[in-house]
Amino acid sequence: MNAGLDADERAELTAGFSQAMAREGPAPSWLLTTRQDALHALLEQGWPTTKQEDWRFTDVSPLTRRELLPVPVAATLPKGTFDESLLHLGRGVGHRLVFVDGRQQAGGEAGLPPLRGLVMAPLSTAIRDESTQIGRVLGRQLQGFHAFAALNTAFMTDGVFVHIPDGLVVEAPLFLVYLAAAEGSTSFPRTVVVAGANSQATIVEVHLGADGRATLSDAVTEILLEPGARLAYLGVQKPSPDGFHVGHLAVTQQAGSVFHAHSLALDGRLVRNDAHVVLAAGDCACQLDGIYLAAGGSHIDNQTSIDHRAPRCQSRESYRGVVSDRGQAVWSGRAVVRPGAQGTDARQSNRNLILTDGAVVHAKPHLEIFANDVKCSHGATTGRLDPEALFYLRTRGIGAKDARQILVAAFLREGLGAVADPALRGELEAILASRTHALTQEGATP
Amino acid sequence: MVMLSIKNLQAEAAGKPGKPILRGLNLEVEAGEVCALMGPNGSGKSTLANVLAGREGITVTAGEILYQGKDLQTLSPEERAREGIFLGFQYPVEIPGVANTYFLRAALNAIRKHRGEEELDPMDFLALVKQKAKSLGLAPDLLGRPVNEGFSGGEKKRNEILQMSVLEPRLAVLDETDSGLDIDALREVAAAVQALRDPSRAIVVITHHQRLLDYLVPDRVHVLAGGTIVASGDKSLAVELEEHGYGWAGAKAPLVEEVA
Ligand SMILES: Nc1ncnc2c1ncn2[C@@H]1O[C@H](COP(=O)(O)OP(=O)(O)O)[C@@H](O)[C@H]1O
Ligand SMILES: [Mg+2]
């Protein structure tokens with residue numbers, strides 16, 4: 001299991017840690033302890049290797065060979081270097097915080113008028129404010145998780161703390177935008193969300209890498225849903241084709257809460273997403289959906305797990321992706337039903353569309369069931385565009401490339417089925433349509 | 001004017017070379033004509049229809065197909081459609097996630113663009129489709145649903161005719177559009193096809209049943225057996241077939257050598 005860090009690597013990380021702490025300035029002692037524990041865990045376990053089951057198809061050496069410590073950069077936003085539609089997602093619609101290379105953008109946009117009791121604050125502020133009680137959530141859900149989550153915890157510079165007070169219904173989505181801008185930049189965005197009892201909200205977390213830049217963002221998002229909370233969460237990851245994104249979503253659901261996550265991963269030399277949901281108390285509902293588009297030389301790895309620890313919970317997982325050129329996609333869906341989690345209803349599915357020879361998909365659904373009164377199902381499929389459907393469209397006058405575009409767009413659009421917010425859904429449909437257009441109209445054999 | 005002229009057409013499945021399905025087929029269809037193509041199962045009717053539409057996987061090994069005097073074989077399926085060829089599928093294809101109206105508008109606009117015409121205004125288009133669907137007895141909600149997905153057999157066939165009515169082809173080949181239809185549906189479909197009967201258009205209906213031809217009286221009837229046309233005549237030929245069966249026509253077939 002242990003790749004082991006050599007003496008040089010250990011020394012470099014340890015020295016880097018001291019420097020980072022000095023730069024951070026005074027911080028509460030619990031936070032320093034949390035960071036130190038994470039650093040030690042990282043030094044102990046080293047980087048994951050392809051000998052580990054959940055890293056079998058993802059080689060992290062291109063990542064670990066590069067600069068891994070936070071690179072301080074000027075927080076200015078280069079013009080015209082980000083995917084415009086994603087950059088402006090939700091602009092003018094909801095509260096919005098923007099970060100560049102891990103630091104809050106100077107003079108960030110003013111959001112909508114503040115909502116009574118809603119906290120949406122930079123993490124750097126929240127950790128120094130005892131009234132936020134952020135320490136009861138930050139770092140609490142990551143035990144035993146992988147090296148990059150530990151790296152984020154040790155080195156995180158900033159991020160967002162969201163607290164939706166009990167009973168508050170937040171209509172407009174909350175947007176957290178993390179931009180990786182400078183060439184070679186490494187950033188550690190950290191997001192902590194507490195959804196109070198019976199509250200309702202939608203959170204959109206966007207990670208974008210500047211075009212043509214080999215950036216790395218190593219992100220961790222921790223979410224706690226208190227009893228009866230309803231939270232929709234959309235995570236978008238789009239590094240440049242040379243960039244890297246490693247993301248970790250850790251969610252705990254308390255009784256009767258409802259969580260719906262949707263992931264959208266586009267491009268990137270390497271994108272690795274881990275999503276882990278713990279259904280800690282009874283009568284919860286959890287839905288994990290995702291869309292990925294791995295074209296060019298992109299490698300996108302989604303690892304998910306849903307841990308049924310309590311009775312009568314329902315979980316649904318549905319991921320689908322389009323893979324083309326030398327693209328690679330990895331999907332692993334794990335559902336665990338613990339003893340006592342009677343009445344569990346768990347379903348998962350994964351569908352892949354391969355557009356060209358050379359594209360590769362590794363899909364692995366798995367169920368681990370230790371209770372007897374359960375309903376569980378899973379399935380994974382990988383296929384090509386239906387030649388009959390293509391022919392049918394063409395016999396009606398629709399050109400071959402347009403026919404492909406129509407079928408790919410339809411496949412992806414169906415994957416957005418559960419995004420409830422209509423405005424958000426419309427924006428995502430448009431983004432997927434333009435990506436589909438690029439994939440099917442340029443290059444790619446007919 | 002000759003709409004379609006097929007001479008000595010030979011074709012085989014791409015995966016099964018040396019086993020011809022069409023074996024020297026000759027057929028001529030005039031503009032303005034409705035002709036019925038009949039023949040036993042497996043005689044090659046759908047294969048002929050698919051060759052005309054340009055399906056991959058069927059190889060033409062010999063012969064010539066002229067459509068309005070032009071060689072058809074150099075054209076892609078979409079080019080043929082834009083030039084006015086329409087195939088009504090024996091088994092219409094389900095396309096999940098693509099709304100029926102969206103699909104039909106994309107098709108119509110592709111054809112109009114080819115003709116140098118402007119795209120139809122979306123509202124005008126919708127009005128047109130709704131009116132055509134109504135006259136075909138097609139429920140309005142089927143227009144917004146994904147193409148053919150979950151449609152009954154009859155709904156799928158009516159949907160084919162709806163597409164034909166909107167796209168207004170010059171040469172329509174309807175492959176067993178009547179099978180699976182109840183008597184009311186048959187009458188509506190026949191009326192819709194009849195409405196498209198026009199001196200500048202040719203319609204080939206592939207059918208097993210005299211019933212359709214009671215409503216849609218053909219100008220010519222051809223019998224296909226063993227990959228060739230074995231008999232041609234007027235509408236009385238269809239009546240004779242109904243009485244005597246295909247064995248009667250098949251007996252007149254020229255002997256063909258079986259290729260092992
Ligand atoms: N793609 C194909 N591959 C192999 N055989 C085929 C293919 N298409 C048609 N055939 C064969 O060709 C013959 C004619 O089929 P078809 O044209 O469908 O007949 P019909 O429509 O007259 O019932 C049948 O024996 C059928 O099995
Ligand atoms: Mg047939």
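Author: A residue is called buried when its relative accessible area is under 20%, exposed when it is over 50%, and partly exposed in between. By that scale Arg103(A), at 33%, is partly exposed. The model is a predicted one.

Over all chains the structure holds 31 salt bridges. Arg103(A) takes part in one of them, with Glu24(A), the closest N and O atoms being 3.7 Å apart. Glu24(A) sits in helix α1 of chain A and Arg103(A) in strand β2 (residues 103-104) of chain A, so the pair ties together parts that are 79 residues apart in sequence. Glu24(A) has a relative accessible area of 18%, and is therefore buried.

Glu429(A) is partly exposed at 27%, and Arg425(A) is partly exposed at 23%. Salt bridges with shared partners also form a network, in which Glu24(A), Arg35(A) and Arg103(A) are joined.

Between chain B and chain A the count is four salt bridges. One of them links Arg55(B) to Glu388(A), with the closest N and O atoms 2.6 Å apart. Glu78(B) forms a salt bridge with Arg394(A), where the closest N and O atoms are 2.6 Å apart. Glu78(B) belongs to helix α2 of chain B and Arg394(A) to helix α7 of chain A, so this pair joins two chains. Glu78(B) and Arg394(A) are both buried.

Helix α7 (residues 387-394) of chain A has six of its eight residues buried, so the rest of the structure largely encloses it. The buried residues of α7(A) include Phe391(A), Tyr392(A) and Arg394(A). At the N-terminal end, α7(A) is capped by Asp386(A), a side-chain oxygen of which lies 3.0 Å from the backbone nitrogen of Glu388(A).

The setting of the bridges between chains is as follows. On chain B, 31 residues are in contact with 18 residues of chain A. The two chains bury about 1,900 Å² between them, and 63% of that is on carbon and sulfur atoms. Arg55(B), Glu78(B) and Val93(B) supply 24% of the area that chain B buries against chain A, more than any other three residues. Polar contacts, counted with both residues at pLDDT 80 or more, come to 11 residue pairs between chain B and chain A. Among the elements that give two or more residues to the side of chain B that touches chain A are α1 (45-53), α2 (77-82) and α3 (100-114) of chain B. The most comes from α3(B), with six residues. By class, this side of chain B has 20 nonpolar, six polar and five charged residues.

One further link in chain B goes through a metal. The magnesium ion (ligand 2) has Ser46(B) (OG) and Gln90(B) (OE1) as its protein donors, lying 2.1 to 2.3 Å from it. Ser46(B) lies in helix α1 of chain B and Gln90(B) in the loop between β6 and β7 of chain B, so the pair ties together parts that are 44 residues apart in sequence. Ser46(B) is partly exposed, at 22%, whereas Gln90(B) counts as buried, at 17%.

Notes: Residues numbered from 1 in each chain as written. Chains lettered and ligands numbered in written order. Predicted model: local features only at pLDDT ≥ 70, side-chain atom pairs only at ≥ 80, totals over all residues. Heavy atoms only, no water. Contact = heavy atoms within 4.5 Å. Buried area = accessible area lost by both parts, 1.4 Å probe. Salt bridge = Lys/Arg side-chain N within 4 Å of Asp/Glu carboxyl O. Polar contact = N/O pair within 3.5 Å; in protein donor to acceptor, adjacent residues only side chain to side chain. Helix = DSSP H or I, 4+ residues; strand = E, 2+ residues; numbered from the N terminus. Nonpolar A, V, L, I, M, F, W, Y, C, P; charged D, E, K, R; others polar. Donors = N, O, S within 2.8 Å, 3.2 Å for Na, K, Ca; no water. Buried < 20%, exposed > 50% of the residue type's maximum accessible area, 1.4 Å probe, protein only.
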